[in-house]
Amino acid sequence: MIMSRRDTIQLSASALVALSAIKTRQAAAQAPQPQAQPQPEGLANAQLRNIAMLPLQADGSAVEYMPQEAGAITGVLWRTKNQTPEGEYDYRKMRIKVDGRGTAKLSGTLTFGDLEKLPRVSYVVRLQCGAPNPSGIVKWTGVRFSDFAHAIGAQDFAYYCRLVGSDAYFVEEDMKTLMHPQVVLAWQLNDAPIPPQHGAPLRLVIPFRYGGRSLKAITEIQFTATSFASPKPWPT
């Protein structure tokens with residue numbers, strides 16, 4: 001059989017590719033396998049928590065459900081031995097301390113009248129703690145945190161935010177996370193005021209994080225460009 005110059009070149013190229021693949025497999029087989037690292041002597045094996053899976057979209061955002069899928073939240077979780085703290089539960093009367101710490105144009109006291117001026121949003125998402133409960137697919141209504149941040153003139157160098165609840169529990173998040181369009185300051189749950197046990201009068205909702213990050217009963221919102229001082233200890 002007489003082969004053309006073009007056929008000869010293509011055959012040679014194919015042979016080179018096949019030979020290269022064989023050498024790559026051989027090199028991988030001969031490569032030294034990673035050795036197990038020795039365990040530090042002062043450390044012992046610890047039991048890992050059984051964390052419930054949090055369903056997320058491919059881009060890391062929360063799955064949103066249809067309105068008819070909304071139900072109830074099962075379980076209650078508070079720092080105060082799961083007892084709902086005393087406080088103002090009526091969102092129309094809420095007064096929340098806002099401290100920009102030099103990273104926002106406005107500081108002072110936030111009221112519902114201030115939030116009411118912002119675009120209202122609703123969505124149905126899953127609240128899921130790392131433990132099986134609390135959990136539930138529910139409808140939240142409020143305003144996007146990003147709209148609130150823009151309204152008070154939060155600057156680009158406001159890198160972190162701390163939100164404090166009525167039970168002295170707090171969360172700190174980077175502003176990039178809080179500016180996500182799914183992060184909401186909510187005052188309604190399933191088209192009714194949030195019940196006290198679930199975070200009235202105002203609750204942070206971060207549906208792509210576990211429920212412990214969705215702070216209940218917000219009393220303070222603080223911003224900083226660097227870091228926060230340690231909070232006062234909770235009285236025992």
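Where is the place of Ala 168? Ala 168 sits in the loop between β5 and β6 (170–174), where helices (H or I, at least four residues) and strands (E, at least two) are DSSP runs numbered from the N terminus. The model is predicted, so that local features need pLDDT of at least 70 and side-chain atom pairs count only at pLDDT 80 or more, while totals for chains, interfaces and linings use all residues. Residues are numbered from 1 along each chain as its sequence is written, and side-chain values use heavy atoms, with hydrogens and water left out.

**Backbone geometry in loops**

- Most residues other than glycine have a negative phi, and most peptide bonds are trans.
- Ala 168, a residue other than glycine, has a positive phi near 75 degrees, and with a relative accessible area of 24% it is partly exposed (buried means under 20%, exposed over 50%, and partly exposed in between, with a 1.4 Å probe and protein chains only).
- Asn 190 is not a glycine either, yet its phi is positive at about 55 degrees; Asn 190 belongs to the loop between β7 (184–189) and β8 and is partly exposed, with a relative accessible area of 31%.
- The peptide bond from Asn 133 to Pro 134 is cis, with omega near 0 degrees, and Pro 134 is placed in the loop between β3 (120–128) and β4 (135–144).
- A cis peptide bond also leads from Ala 200 to Pro 201, with omega near 5 degrees, and Pro 201 lies in the loop between β8 (192–193) and β9 (203–205).

**The open sheet**

- Five strands, in the order β2-β1-β10-β5-β6, form an open sheet with mixed pairing, where two strands pair if DSSP finds at least two bridges between them.
- The edge strands of this sheet are β2 (108–111) and β6, each of which pairs on one side only.
- Neighbouring strands of this sheet are turned by 20 degrees against each other on average, direction ignored.
- Strand β1 (residues 95–99) and β2 run antiparallel and are joined by four bridges; Arg 95 has Thr 111 in β2 as its bridge partner.

**Surface around Tyr 159**

- Tyr 159 lies in the loop between α3 (145–151) and β5 (160–165), and it is partly exposed, with a relative accessible area of 44%.
- Together with Phe 157 and Tyr 160, Tyr 159 forms a nonpolar patch on the surface, with about 310 Å² of accessible area for the three together.

Technical notes
Patch = residues over 30% accessible without salt bridge, like charges linked within 9 Å, V, L, I, M, F, W, Y side chains within 5 Å. Areas by Shrake-Rupley, 256 points an atom, 1.4 Å probe, with all protein chains shown as cover. Salt bridge = Lys/Arg side-chain N within 4 Å of Asp/Glu carboxyl O. Axes fitted to C-alpha atoms, helices over the stretch in contact; angles between N-to-C directions.
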